[in-house]
Protein chains: 2
Amino acid sequence: MFVFNLTRILPSIPKHISCRTMVQGTRLKYPRLGEPVDVMEIEDFSTPESLKPNEVLVQMLISPINPADINTVQGVYPIKKDLPAVPGNEGVGKVIKIGSEVSSLSVNDHVLPSRAALGLWCTHLVEPEEDWVKIPSDLPLEHAATLAVNPCTAYRMLEDFVELEPEKDWIIQNGSNSAVGQAVIQLAKLKGVHTINIIRNRPYLEEMKSHLQTLGADMVVTEEEARSLDLRSLGIPAPKLSFNCVAGRSGLDMFRMMAKKGVLVIYGGMSKQPLSVPVGPLIFKDITVRGFWISQWNKDHCMEQRQTMLEELIKLIRTGKFQHPELELYPLSEFKEALRRASFYDNSGGNEKRETKVAFDFRN
Amino acid sequence: MFVFNLTRILPSIPKHISCRTMVQGTRLKYPRLGEPVDVMEIEDFSTPESLKPNEVLVQMLISPINPADINTVQGVYPIKKDLPAVPGNEGVGKVIKIGSEVSSLSVNDHVLPSRAALGLWCTHLVEPEEDWVKIPSDLPLEHAATLAVNPCTAYRMLEDFVELEPEKDWIIQNGSNSAVGQAVIQLAKLKGVHTINIIRNRPYLEEMKSHLQTLGADMVVTEEEARSLDLRSLGIPAPKLSFNCVAGRSGLDMFRMMAKKGVLVIYGGMSKQPLSVPVGPLIFKDITVRGFWISQWNKDHCMEQRQTMLEELIKLIRTGKFQHPELELYPLSEFKEALRRASFYDNSGGNEKRETKVAFDFRN
């Protein structure tokens, strides 16, 4: 069997590739549910010798560690995979081989997963054509790798719940330094909508406030400061829309400040506590509490609608109007360190100058 | 001044009425906020000597004590009145005199208040024509007096949030023995919608269960029984709609049982605790939490829409398909005993065979 080493020509892709497409890859897997640092293992594997007509072989380039990945491995996420499984919901890859009937993708195309739980913490994977969305291959990889979940979550939450009037309306959010929070600040600013951003008290508080203001935040306050915030005295209209990724009692101040008939959207539960909802505002201010999950939105909408959103975000990235969160890149071999660094629920970036996102980098 | 005593001809209406319409009445008032039994006072008063052209003099017949009345006097309800004030949001009265330009009402018409906080715990009151809604004067007074708030709340909650399929869909509620709960059971049954009804454990539990089943409840369970209720194993589809008047942690089992994209409607907070909402169902089952307040609905909708609803309910009453909650009637002079009996938040009818409603009876 004739074998040639593609790495000479394409140094960032497969080290070993045969004419029959078999690739020696490396991936993380969890044979049982538990804390990722405890249960995760690294393994070498081979992709199948040949592709089915509709299949595509993708080499992963960058894949972030998101809270959803941690929760999936812990077994507390609604996506349950047969074990052992490879985690990883988000990331960018490059097509290195396509099946005989694949029409929408070509070799060298950059792709994002089109559905949740593909299992992207691996150097290579084979999936059907329809599991991938093509994106421009000149998009900076840090942007591409972090585009599908957090910016899209922020985008949809700003678009789908309340009609916001530019230059007039304010929104309020907590966990504002999270990747979604930062995306919300930037996208709201671009819409002309003002943001009140609640963060936890922390060392480097002023640096964090200043970072979020640089992104476009109109107001950044700690949870303590939010407690006595009197919007009326500041001449700020009551927000019609609020985003909550903390839950527990964190929503109480947002409920207090919200406008009649406002909508509070929950997209995370960092506190691990049920959301406390004061009954008065629900009934007498007719506040609505909704959840949002981008994976469900993707399931419920057609590819064209998703493409429209991605194109709009990509345009903002290209024109320098949208920044990705800071990434800390780790090779797959240092997965334990990466997972510890990304242990969202113990630390939540509370001691950082700004929120960084941990990601696996498969490029060398 | 010529005075004749109307009580001879109309024994159920004013004891003293002059040709200039001045009536000696009695009413309850609260000069300051506090617990109703502590702050409420009874006083004699005279209605104005003459009516303005658009005004109507109404003699009250029956007016119930509702949780909203108690909360208004306590100062924890969103309706704040200038003090001293007369409480009472609900009741039926009879028109005994009309102003010169009143066109929609005549003497002897039976009327309900058309807005909240008219202050109906009084033998007589004068209000503009538009503050009243005419209802058929042959409607049993116990029905008329209890029609405007609880049955309308149940009616709207069943109509306005989720489309329910007759003979197929189930709903779930707590506080099912409350006046609204009993109305929900009956109206759902008439729609062909099945109900799971949660009540608190209590003495006379079997009597209460049996009473609610007589009204049309498909299933009645205690809070403890609800905890282990497995609808799937019973072949019951997950409810798309649930009603909660307790809040606190009482919604957790309802959230667990509810269908994807279901709606939980809060219309009360008997536990005085914020509602605990588990984050998972909100996000991953896309549950919506809404509040409902009939006073807001009345404000937001035109009189015709309200009339349509009342007419439909009145038709059900006339054909014997809708029962009012059992009433315990007290004369105004025994108001302290009535208020103690109706102290919803300490007792909630937990020791009763069935929920009774306390009401003032002004007819003698």
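Start by selecting A:Glu55, which is buried at a relative accessible area of 13% (buried means under 20% relative accessible area, exposed over 50%, with a 1.4 Å probe and protein chains only). The model is predicted, so local features need pLDDT of at least 70 and side-chain atom pairs pLDDT 80 or more, while totals for chains, interfaces and linings use all residues. Residues are numbered from 1 along each chain as its sequence is written, chains are lettered from A and ligands numbered from 1 in the order written, and side-chain values use heavy atoms, without hydrogens and water.

A:Glu55 lies in strand E3 (residues 55-64) of chain A; helices (H or I, at least four residues) and strands (E, at least two) are DSSP runs, numbered from the N terminus. Beyond its neighbours within four places in sequence, A:Glu55 has contacts that include A:Ile98, A:Val126 and A:Pro128 (contact means heavy atoms within 4.5 Å).

Next, select helix H6 (residues 205-215) of chain B. Which of its residues are buried? They are B:Leu205, B:Met208, B:Lys209, B:His211, B:Leu212 and B:Leu215. Seen down the axis of H6(B), these fall within an arc of 160°, so they line one face of the helix (the arc is that of the directions from the helix axis to the C-beta atoms). On the other side of H6(B), look for B:Glu206 and B:Thr214, both exposed.

Now show what the buried residues of H6(B) pack against: helix H5 (179-191), strand E9 (194-199), strand E10 (219-222) and helix H7 (223-227) of chain B.
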